[in-house]
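Please find below a colleague's note on the model under review.

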Amino acid sequence: MSEFRNENAPIIVEADGFHLIDSQGHRYLDGHSSLWCNIHGHRVPAIDQAIRAQLDRVAHSTLLGLSNGPSIELANELIRRTPDGLNKVFYSDCGAAGVEVALKIAYQFYQQRPSGGQIRDKFLHFDGAYHGDTIGTMSIGSIGRFKNLYNPLLFPVVWTSVPNASHDNPDQERQQLDYWTSELEKLLELHHETLAGVVIEPMVQAAAGIKVQASGFLKRARELTRRFDTMLIADEIAVGFGRTGTLFACEQEEVDPDILILSKGLTGGYLPLAATLVTDEIYEVFLGDPWLGRTFYHGHTYTGNPLACAAALASIRLIDENQVLKNAQRLQGVLRRELDLLKEHPNVKEIRQKGTMVGIELALDGAPFPAQLRIGHQVTLACRKRGVVLRNIADVIVLMPAPAMPEQLVEELCQAVGKSVVEVMQSAKQQM
Ligand SMILES: Cc1ncc(COP(=O)(O)O)c(C=O)c1O
């Protein structure tokens, strides 16, 4: 909060397309999709209109014992578009809640499945994982500064690493892929009887600083989880809805997870909503007369909120109508081209990219900058002076333009970032 107060964080009062406008009238290009959720820009007439039309009918009614039109319609749209086999949808209202739902479903599934009840009280996650800030999601997360303080409250887990992509060195990528696949295999061999699931961010660990996985790893994780009879739980909260160039990242490796979690871009970045999708096999284990106690007792007041579902329906339709995935694929090339020169800067250790997700890692002679310099943060402040809002993760500058952003704005975004990096590096040199 000290930083927030000292730096006079802008107060956003309105928006115009892909720009946010603060109380002083300054315009900022929304370079991180309002924390990775915006898809079509702000004040999109079709989404605004869908919310207004729903408002004229009913703003909210519960899904406990009742249902509502937009939540049914949205569930059908999601089932149609997500990987095969995911035929049932459970709504909640933020990414972390959607992941908690997945963990509880997996845990309960193994106790109730017809082939014999088992207590499976462990989950496997990967180094660098981030799945939210609640107690359960911190337990399966591994970014120390977000969770270490709470360690005594968290449940024990099994973890390993993912292999990283290495575009310049395919041999190294293949070796990493084989090595980490065999590590995963060993852990599954050891723990599968108590393991309720393997939780993965498909293709990209966003909060780890846009860490892109070696291609093929997701598919291998799917094969191994099938072989060892444990669930593959895919958290597409950050990567879903076009950010990797396809609607869902799982599509790229033809992976059908047992559980899929969506949020962030689900409503186009308009309203809080999450969906946890499961297979029929999982769903059926929860059926039975109420007194048998097979119910999945998890509910949130705003579960399946009609306004949020109406926004999500409008956003999904716009993805088709405006060919947003094609645009995202074009932007992938624009980002690569525009940031190419920056790669040569001596303080740019690596530029990682998948689709429209980019992480520029800054370093001093290959090592992190002294933490007090807050180099990443300084770059985002320099960007703000140039009319661009972004956020850093330590020394990684994260660019995440909305998949529907026009090419010219993405060029502007990259130019502002390039100039800001050069400026901050020059002044850092003077300070050291
Ligand atoms: C992969 C992933 N999972 C879960 C979450 C948590 O979502 P929320 O902030 O909506 O709780 C995030 C948020 O950044 C995320 O990137």
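The note continues with numbered points.

1. Basis of the note. The model is predicted, with local features requiring pLDDT of at least 70, side-chain atom pairs counting only at pLDDT 80 or more, and totals for chains, interfaces and linings using all residues. Residues are numbered from 1 along each chain as its sequence is written, and side-chain values use heavy atoms, with hydrogens and water left out.

2. Packing of α8 and α9. Helix α8 (residues 170-191) packs with helix α9 (residues 217-227) at an angle of about 20°, and their axes are 10 Å apart. Helices (H or I, at least four residues) and strands (E, at least two) are DSSP runs, numbered from the N terminus. Axes are lines fitted to C-alpha atoms, for helices over the stretch in contact, and angles run from 0 to 180 degrees between N-to-C directions. The two helices α8 and α9 are therefore roughly parallel (angles under 35 degrees).

3. Residues of that contact. Contact (heavy atoms within 4.5 Å) involves Leu 177, Asp 178, Trp 180, Thr 181, Leu 184, Glu 185 and Leu 188 on the α8 side, and Phe 217, Arg 220, Ala 221, Leu 224, Thr 225 and Arg 227 on the α9 side. By class, the residues of the contact of α8 with α9 are 7 nonpolar, 2 polar and 4 charged. Here Ala, Val, Leu, Ile, Met, Phe, Trp, Tyr, Cys and Pro count as nonpolar, Asp, Glu, Lys and Arg as charged, and the others, Gly among them, as polar.

4. Aromatic pairs. The structure contains 8 aromatic pairs, where rings of Phe, Tyr and Trp (its six-membered ring) pair if their centres lie within 6.5 Å. Phe 90 and Phe 296 have ring centres 5.2 Å apart and planes at 75°, so this pair is edge-to-face (planes over 60 degrees apart). Phe 90 belongs to strand β4 (residues 86-92) and Phe 296 to the loop between α10 (280-284) and α11 (306-321), so the pair ties together parts 206 residues apart in sequence. Phe 90, Phe 286 and Phe 296 form one aromatic cluster.

5. A pair involving α9. Phe 126 and Phe 217 are also an edge-to-face aromatic pair, at 5.7 Å centre to centre with 80° between the planes. Phe 126 lies in strand β5 (residues 122-126) and Phe 217 in helix α9, so parts 91 residues apart in sequence are tied together. Both Phe 126 and Phe 217 are buried (under 20% relative accessible area, 1.4 Å probe, protein chains only).

6. Gly 418. This residue lies in helix α14 (residues 407-431). Gly 418 is buried, with a relative accessible area of 15%. Its C-alpha atom is separated by 9.6 Å from that of Val 379, 39 residues apart along the chain.

Methods: Parallel < 35°, antiparallel > 145°, perpendicular 65-115°, else oblique. Phe/Tyr/Trp six-rings, centres within 6.5 Å; stacked < 30°, edge-to-face > 60°. Buried < 20%, exposed > 50% of the residue type's maximum accessible area, 1.4 Å probe, protein only.
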